[in-house]
Amino acid sequence: MGEKRAYKPRKPGGGRKKLKPEYDAGKNLKEQMDAAVALYEEDCSLQSIADALALNPIKVRKLLITAGVYESEVAEKVKNTFEEYRETQDYKTSILSTANTLKLSKASVTSYLPYKKGVYFPSTAEKEKISVGAERQRRYRAMKRWRADQTEENFWGVVVAYAGVKFKTYSGLPFSYEIKKGRSGEYTKELWIDRRENSKSLAWSSVLLALGNIKKVGEVVERPKALGDIRGVTYIYGMFYRFGLINVPDEAKEKMKKAFGKSF
């Protein structure tokens with residue numbers, strides 16, 4: 001017998017080399033998801049998105065569900081039923097149970113669930129946990145609900161959806177606002193303007209007062225004071241412009257563009 005070779009410990013990272021080291025499934029999924037969401041926000045149909053991305057419409061729908069921006073009665077039923085079974089069953093068994101309960105095929109149930117490797121959060125998730133596309137879609141839906149039914153509750157939904165978004169005042173100064181939660185876990189009806197080092201509060205009643213002073217949605221409002229002699233109206237003016245509720249003079253638009261180097 002020959003002499004036994006000395007053992008050489010394997011170097012870290014050793015082993016079989018990947019055939020495609022540049023391939024990243026998670027990255028590819030995110031890129032497809034972001035592209036699908038961008039087209040979906042432009043009111044494109046599933047088929048048109050599929051054609052643009054060279055994908056199957058069912059996969060497009062699954063991408064949108066994974067991003068948390070797609071809604072339908074069937075999708076909601078599948079999601080709720082699956083999550084209920086998932087509390088006591090493994091993934092595969094939960095799919096079968098959901099299919100049996102809703103009288104759907106296993107493939108249909110799977111097509112209405114987010115990708116397992118994708119990060120999915122429900123519509124109630126904090127904005128820090130959702131994608132940029134999903135956050136934009138959330139704002140779009142909030143505004144759409146308010147335009148269809150202009151109640152105080154629906155407008156509050158718009159204000160909540162835009163928390164943390166960058167706005168600009170009439171003179172082009174950037175600002176944003178946050179809404180804090182009380183002990184009950186519900187949002188307080190107060191907006192905290194983050195302008196400089198110290199935050200200033202803006203009362204919800206002031207926002208509603210300015211809203212009531214808009215004569216026609218989309219018309220040009222020459223100056224903030226035109227919305228009323230209201231505390232914090234300069235910030236409300238910038239918010240309403242970003243919401244698409246008012247238009248502003250060309251001079252103000254130029255100042256707002258220069259604040260970040262580009263328009264909204």
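# Chat about a predicted chain

Student: How many residues are in the chain, and what share counts as buried?
Tutor: The protein chain has 264 residues, and 36% of them count as buried. Buried means under 20% relative accessible area, exposed means over 50%, and partly exposed is in between (1.4 Å probe, protein chains only).

Student: Where do these values come from?
Tutor: This is a predicted model, in which local features need pLDDT of at least 70, side-chain atom pairs count only at pLDDT 80 or more, and totals for chains, interfaces and linings use all residues. Residues are numbered from 1 along each chain as its sequence is written, and side-chain values use heavy atoms, with hydrogens and water left out.

Student: How many helices and strands are there?
Tutor: The protein chain has 11 helices and four strands. Helices (H or I, at least four residues) and strands (E, at least two) are DSSP runs, numbered from the N terminus.

Student: Ok, H4 and H5. At what angle do their axes cross?
Tutor: At roughly 130 degrees, and the axes of H4 (residues 73–86) and H5 (residues 91–102) come within 9 Å. Axes are lines fitted to C-alpha atoms, for helices over the stretch in contact, and angles run from 0 to 180 degrees between N-to-C directions.

Student: What does that make H4 relative to H5?
Tutor: That angle makes H4 oblique to H5. Angles under 35 degrees count as roughly parallel, over 145 as roughly antiparallel, 65 to 115 as roughly perpendicular, and the rest as oblique.

Student: Which residues in H4 and H5 meet?
Tutor: From H4 there are Lys77, Val78, Thr81, Phe82, Tyr85 and Arg86, and they meet Tyr91, Ser94, Ile95, Ser97, Thr98, Thr101 and Leu102 in H5. Contact means heavy atoms within 4.5 Å.

Student: Different topic. Which residues touch the most other members in the largest nonpolar core?
Tutor: Phe155, Val159, Tyr177, Met239, Phe240, Phe243 and Leu245 do, out of 40 residues in that core. A nonpolar core is a set of buried Ala, Val, Leu, Ile, Met, Phe, Trp, Tyr and Cys residues joined through side-chain atoms within 4.5 Å.

Student: Which helix gives the largest share of this core?
Tutor: H10, with eight residues.

Student: And what is Phe240 in contact with?
Tutor: Leaving aside neighbours within four places in sequence, Phe240 is in contact with Phe155, Val207, Ala210, Leu211, Ile214, Leu227, Leu245 and Ile246. Apart from this core lies another, of 24 residues, among them Val60, Ala67, Val78 and Val109.

Student: Where is Val217 found?
Tutor: Val217 is in the loop between H9 and H10. Val217 is partly exposed, at a relative accessible area of 42%.

Student: What does Val217 touch?
Tutor: Not counting residues up to four places away in sequence, Val217 touches Arg147, Gly244 and Leu245. Val217 and Leu245 are 28 residues apart in sequence, with 5.0 Å from C-alpha to C-alpha.

Student: Is Arg139 buried or exposed?
Tutor: Arg139 is buried, with a relative accessible area of 12%. Its place is in helix H7, and Arg139 touches Ala161, Tyr162 and Val165, not counting residues up to four places away in sequence.

Student: Last one. What phi does Ala54 have?
Tutor: A positive one, about 55 degrees, although Ala54 is not a glycine. Most residues other than glycine have a negative phi. Ala54 is in the loop between H2 (46–53) and H3 (57–67), and is exposed at 68% relative accessible area.

Student: What about Lys103?
Tutor: Lys103 is not a glycine either, and has a positive phi of about 60 degrees. Lys103 sits in the loop between H5 and H6 (106–111) and is exposed, with a relative accessible area of 73%.
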